[in-house]
Amino acid sequence: MTEKLLQVKNLRTSFFTDAGEVCAVNGISFDLEKGKVLGIVGESGSGKSVTAYSIMQILSFPGKITGGEVFFKGVDLLKLPAKKVREFRGEQISIIFQDPMTSLNPVYTIGNQIDEAIRLHTSRTGSAIRERSIDLIRLVGINDPERRVKQYPHELSGGMRQRVMIAMALACEPDILIADEPTTALDVTIQAQILELIAELQAQLGMAVIIITHDLGVIANMCDEIIVMYAGSICERGSTDDIFYSPKHEYTKNLLRSIPKTRKSKERLVPIAGNPIDLLNLPDGCAFAPRCRECMEICLEQHPDELPIGGTHYASCWVNVREQVTHERESFADDEILEQGGDQV
Amino acid sequence: MTEQVKIVDHEVSADASVNPDTNTYQPDPDNILEVHNLSKHFDIKTGLFKTLPLKAVDDVSFFIGHKETLGLVGESGCGKTTVGRTLLRLYEPTAGDVYFDGELITEKNVRSLRRNMQMVFQDPYSSLNPRMTVEDIIGESLSIHHIFKTKEERRERIYELMRLVGLNKEHATRYSHEFSGGQRQRIGIARALAINPKFIVCDESVSALDVSIQAQILNMFKDLQEKFNLSYLFIAHDILVVTYMSDRVAVMYLGKIVELAKTNEINDNPIHPYTQSLFSAVPIPDPITARKSHRIVLEGDVPSPLHVPSGCAFRTRCQYATEQCALETPPFEDRGDEHYVACWNR
């Protein structure tokens, strides 16, 4: 049995805006095992980034966690006092952001910024701090680290800056690295470099990684497990092969049909009808129901519970419930016929 | 589909570049657009008195057939957007000739030129005037080109266009902020279609949209092409989207087209080392293919376009680079079956 590093239970996060409460994350639960790569995929506004920010407790005003538990190695992070939270943040779980241009401070050298993380979280002092910074810069594949520590962020390219962000995040050898759209702002060839780097470091340091992205390609290339989110809820979660080759939620199925799969795809895409949902007025039922082809009456009335499909594969879709019920009914009917037949003989 | 074979006689186009004798050169009637040796340089101030030319587009030649889609891919800063904008003369070209529908347009009146070419922009948020209603946005080009005499006719046409792009005509009096990103892009497309153009430049037209909306817009582009015999220059950085949309694909690197071929050909048989690594770097949304595929990861970053390496611009990152690559610019030549490549060693 592998160790459960992170357990999220029924997490809810809302933004209290002037227009009303926006339920960005709406009761989600999942686990992360040690050394695994978990992908969270969804469109903008699906709550994937807010999930990460809630785990890190770095939500900005007016966001607030309104319920649920986040266990890290058995401790509920949401119940810790602020001081303790600061200790685990960056030390046990660290995060890299989408935009490497704005997440570095332009008036400090990159050496200074990496030093800061080391000074705050480890017992190193004096020149040992700078030595560690230089080691980290070398680790993330930047050449000439002694010179680079003295440079400012504007002297580096986008890909380099993202490498610096990764170096900072790794300063304390965290157990979990959260990468929030790590390559969205980068070009394809640079994206390949950064993804390769994250995969290498993950294997080398044995940490767990959560990759948040809207790009199904990145997910397919990097992840062991996948969570598909829509309008703040988890539609479906399971292993990469489960999600790509036997999707069970209608949203996942539709999403996979709406993208070109390979460079040779010429088959007409099947778009998802309608527009993304308004988070201010979430329906009682399944959030995807208004855009779903298989929509039934119950989909509009009641939110489906998560149904186990097999292994780590779960889906929240009434269609599966219907299929399962029909299947049970059929087998039940078969049994009855058998029994009746038995009586007759 | 639109696999009409069109051949630009390369000899002829080369001659036209050396001595652009516009009176004698006759572009191929099968091509709606022919571009010969197009360049666009910007002067960038690098000091108080010093300026450097930024060669955003440098000596680029291609053609687009009737009802054909040419995809243009490349990384940010490679000049793909500048190509599109220079074709519409949103930028004045520094050098080169552009023939549209048999006419040399580099000297033509801009208004009459844009009667037949339009553009759909990347960002559906900033490309629509927030103070104008949908009706005014779509109808603006109708007024500029004096297409209709009466207001009723004009309004009918606007409603027709809105229906065509899947918008409700009741929304005509609304402002653009009332719409979602996908709907705004539909407004932008309706605006481009208003005056029945023959050619549309789609500049990253779906990259700001969510995955589920992207497919709607891509399919709409394809349907509109069928219906109105449109030709597209489809500019995007998403290679899967470009190969899905295009009949032929051109790959740009630092202001130059390094490879141009039919979509299937360039997919199966990329020749230029940059195309090879660019295509292999695309994360394929299919786990089994992804595990099997071998990525060619390029070293380093794209050089600054202000200091483009001599000779072949790609040589600083190329594993096959030789001395010759630094000395001479490789010619953009046909390697058979209209597969154009600019490389000394492949």
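This is a predicted model: local features need pLDDT of at least 70, side-chain atom pairs count only at pLDDT 80 or more; totals for chains, interfaces and linings use all residues.
Chain A contains 12 helices and 12 strands. Along the principal axes, the C-alpha atoms of this chain occupy a box of roughly 90 × 50 × 50 Å. Of the 345 residues in chain A, 50% are buried. Among contacts in chain A with a separation of 6 or more, 64% are made by residues 24 or more positions apart. A residue of the interior illustrates this packing. A:Q162 is located in helix α6 of chain A, which spans residues 158–169, and its relative accessible area is 0%, so A:Q162 is classed as buried. Once neighbours within four places in sequence are set aside, the contacts of A:Q162 are A:I96, A:F97, A:Q98, A:P100, A:P182, A:L186 and A:I194.

The interface between the two chains was examined next. Chain B contributes 43 residues to the contact and chain A contributes 44 residues. The area buried between chain B and chain A is about 4000 Å², and carbon and sulfur atoms supply 53% of that area. Polar contacts between chain B and chain A, counted with both residues at pLDDT 80 or more, amount to 25 residue pairs. On the side of chain B that touches chain A, two or more residues come from each of the elements α7 (211–228), α8 (239–245), α9 (263–268), α10 (273–281) and α11 (287–292) of chain B. The most is given by α7(B), with eight residues. By residue class, this side of chain B consists of 21 nonpolar, 12 polar and 10 charged residues. Four salt bridges are found across the interface of chain B and chain A. In the salt bridge between B:R295 and A:E196, the closest N and O atoms are 3.4 Å apart.

Over all chains, the whole structure holds 26 salt bridges. Within chain A, A:R237 pairs with A:E306 in a salt bridge whose closest N and O atoms lie 3.0 Å apart. This pair links distant parts of the chain, 69 residues apart: A:R237 belongs to strand β10 (residues 233–239) of chain A, and A:E306 to the loop between α11 (297–301) and β11 (307–310) of chain A. The two partners fall into separate accessibility classes. A:R237 has 16% relative accessibility and therefore counts as buried, whereas A:E306 has a relative accessible area of 32% and is partly exposed.

Within chain B, a salt bridge joins the side chains of B:E68 and B:R248 at 2.8 Å, N to O. The relative accessibility of B:E68 is 3%, which places B:E68 among the buried residues. B:R248 is likewise buried, at 3% relative accessibility. A further salt bridge is formed by the side chains of B:E92 and B:R89, at 3.3 Å, N to O. Here B:E92 is partly exposed, at 41% relative accessibility, and B:R89 is buried, at 12%. In chain A, salt bridges with shared partners connect A:D135, A:R138 and A:E146 in one network.

The cysteines were considered last. A disulfide is a covalent bond between the sulfur atoms of two cysteines. With a cut-off of 2.5 Å between cysteine sulfur atoms, the count of disulfides over all chains is zero. A:C295 is partly exposed, its relative accessible area being 30%. For B:C78, the closest cysteine sulfur belongs to B:C312, and the separation of 14 Å is likewise too far for a bond. B:C78 counts as buried, with 4% relative accessibility.

Terms used. Residues are numbered from 1 along each chain as its sequence is written. Chains are lettered from A and ligands numbered from 1 in the order in which they are written. Side-chain values use heavy atoms; hydrogens and water are left out. Helices (H or I, at least four residues) and strands (E, at least two) are DSSP runs, numbered from the N terminus. Buried means under 20% relative accessible area, exposed over 50%, partly exposed in between (1.4 Å probe, protein chains only). Contact means heavy atoms within 4.5 Å. Buried area is the accessible area (1.4 Å probe) that two parts lose on being put together, summed over both. A polar contact is a pair of N or O atoms within 3.5 Å; within protein, one must be able to donate a hydrogen and the other to accept it, and residues adjacent in sequence count only if both atoms are side-chain atoms. Ala, Val, Leu, Ile, Met, Phe, Trp, Tyr, Cys and Pro count as nonpolar, Asp, Glu, Lys and Arg as charged, and the others, Gly among them, as polar.
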